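Student: I have a new structure to read. Can you walk me through its features?

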Amino acid sequence: MQPYAPNWTHVTEFVMVGFVGVHEARLLFFILFLTMYLFTLVENLAIILVVALDHQLRRPMYFFLTHLSCLEIWYTSVTVPKMLAGFMGVGGGKNISYAGCLSQLFIFTFLGATECFLLAAMAYDRYVAICMPLRYGALVSWATCIHLAAACWLVGLLTPILPIYLMSQLTFCGPNVIDHFFCDASPLLALSCSDVTLKETTDFLVSLAVLLASSTVISVSYGNIIWTLLRIRSAAERRKAFSTCAAHLTVVSLFYGTLFFMYVRTKVASAINFNKVVSVFYSIVTPMLNPLIYSLRNKEVKGALGQAFSLRSWKGQ
């Protein structure tokens, strides 16, 4: 933060430097991230298509999975196309307007918060299925699923309103270079000429509230699941029951591990380049891995994919 002077010019456009030091390898990075982006789109669209076409997958678990796949497509599309344009340096690819920057941050935060709540809803679904199977149809009805999904999207949409409003009240008077590949809060605050104490505190509390609320639901759900599994005497039955939630638990571990590191930390941040690597992991790598995790560790999804795309190799793995 710099002291504000009345005669300074307000910034109307930012320049995102992306990954410094990779200029000579920018084509390689462009191809790498473009491949990952396209792979993410194809995977998640395949999940959505398969669930829509296969009547056996029209169950609450896969209803939430399609919402997650839709979200992952939008999540990566908010940042990756702009980053790819920056690598090529065409058409002002590294430049973004002030309004565009705040819009990107709003949508990215909205989708990130929504994913937290969707993962919590999916954990609740697994909890009821394993711990209270006889009441599953009553507790996780289609009406309940629709209400849960709508609540996830609504609360996710409300999450960034106050943080973005406070960001819009800050003064940016130069420099206008964002040391990141998208408009994240931390590098933006570093450029502000205003006092950012209130904004930093709000960001911390909002992030903490989202992560704690959703992770508490997940922890309680899996705590009860583990307790129920331990009471099952048959090892085969335990493995069968756990296999229904293994993929979700893996996805949760990947997503929350990086989010807790990035957004619930002290003011003294880690090295900027390391933060960029972590950002790549949760904003690009994780959305690409999620469909693979769900398909490779779920026999029903593998079978449906094989049937839909006539890939017999998927069957029997």
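Tutor: Start with a definition. A disulfide is a pair of cysteine sulfur atoms within 2.5 Å. Keep in mind that this is a predicted model.

Student: How many disulfides does that rule give here?

Tutor: The count comes to two. In one of them, Cys-101 is joined to Cys-183, with 2.1 Å from S to S. The link of Cys-101 and Cys-183 is left-handed, with -125° about the S-S bond.

Student: Which parts of the chain does the pair of Cys-101 and Cys-183 tie together?

Tutor: Cys-101 sits in helix α3, and Cys-183 in the loop between β3 (177-178) and α7 (185-189), so the link ties together parts 82 residues apart in sequence.

Student: Are Cys-101 and Cys-183 buried or exposed?

Tutor: Look at the relative accessible area; under 20% means buried. Cys-101 has 0%, so Cys-101 is buried. Cys-183 is also at 0% and counts as buried.

Student: What about the link of Cys-173 and Cys-193?

Tutor: Cys-173 and Cys-193 form a disulfide with their sulfur atoms 1.6 Å apart. This link is left-handed, with -130° about the S-S bond. Cys-173 lies in the loop between α6 (161-168) and β3, while Cys-193 lies in the loop between α7 and α8, so parts 20 residues apart in sequence are tied together. Both Cys-173 and Cys-193 are buried.

Student: What is the pairing when the bonded cysteines are numbered in sequence order?

Tutor: The pairing is 1-3, 2-4.

Student: Next topic: cores. How do I read one?

Tutor: Begin with the general idea. In soluble globular proteins, nonpolar side chains tend to be buried together. A nonpolar core is such a set of buried residues, joined through side-chain atoms within 4.5 Å. Now this model. The largest nonpolar core has 70 residues. Phe-33, Phe-64, Met-83, Leu-119, Ile-218 and Tyr-256 touch the most other members.

Student: Which elements give two or more residues to this core?

Tutor: They are α1 (26-53), α2 (60-88), α3 (98-131), α5 (142-158), α8 (197-230), α9 (235-263) and α10 (272-296). The most comes from α3, with 15 residues. Another core lies apart from this one; it has 18 residues, among them Val-11, Leu-105, Leu-170 and Leu-189.

Student: What does Tyr-256 touch, leaving out residues up to four places away in sequence?

Tutor: Tyr-256 touches Cys-116, Leu-119, Leu-211, Ser-214, Ser-215 and Ile-218.

Student: Where does UniProt place the feature "transmembrane region"?

Tutor: The unreviewed UniProt entry places it at residues 27-53, 60-76, 96-124, 136-162, 204-230, 242-264 and 276-296. Compare two of these spans with the model. Residues 60-76 are 100% helix and 0% strand, with end C-alpha atoms 25 Å apart. Residues 96-124 are 93% helix and 7% strand, with end C-alpha atoms 40 Å apart.

Student: Last topic: confidence. How do I use pLDDT?

Tutor: Where pLDDT is low, the predicted coordinates should not be read in detail. Here the mean pLDDT of the protein is 83, and 84% of its residues reach 70 or more. Among the elements, α5 has the highest mean pLDDT (96) and helix α11 (residues 299-309) the lowest (67).

Student: Over which residues does pLDDT stay under 50?

Tutor: One stretch is residues 266-270, for which the model has four contacts beyond four places in sequence. Residues 311-317 also stay under 50, and there the model has 10 such contacts.

Key
Residues numbered from 1 in each chain as written. Predicted model: local features only at pLDDT ≥ 70, side-chain atom pairs only at ≥ 80, totals over all residues. Heavy atoms only, no water. Buried < 20%, exposed > 50% of the residue type's maximum accessible area, 1.4 Å probe, protein only. Helix = DSSP H or I, 4+ residues; strand = E, 2+ residues; numbered from the N terminus. Contact = heavy atoms within 4.5 Å. UniProt positions renumbered as here; feature names shortened; annotations may be inferred. pLDDT = per-residue confidence, 0-100.
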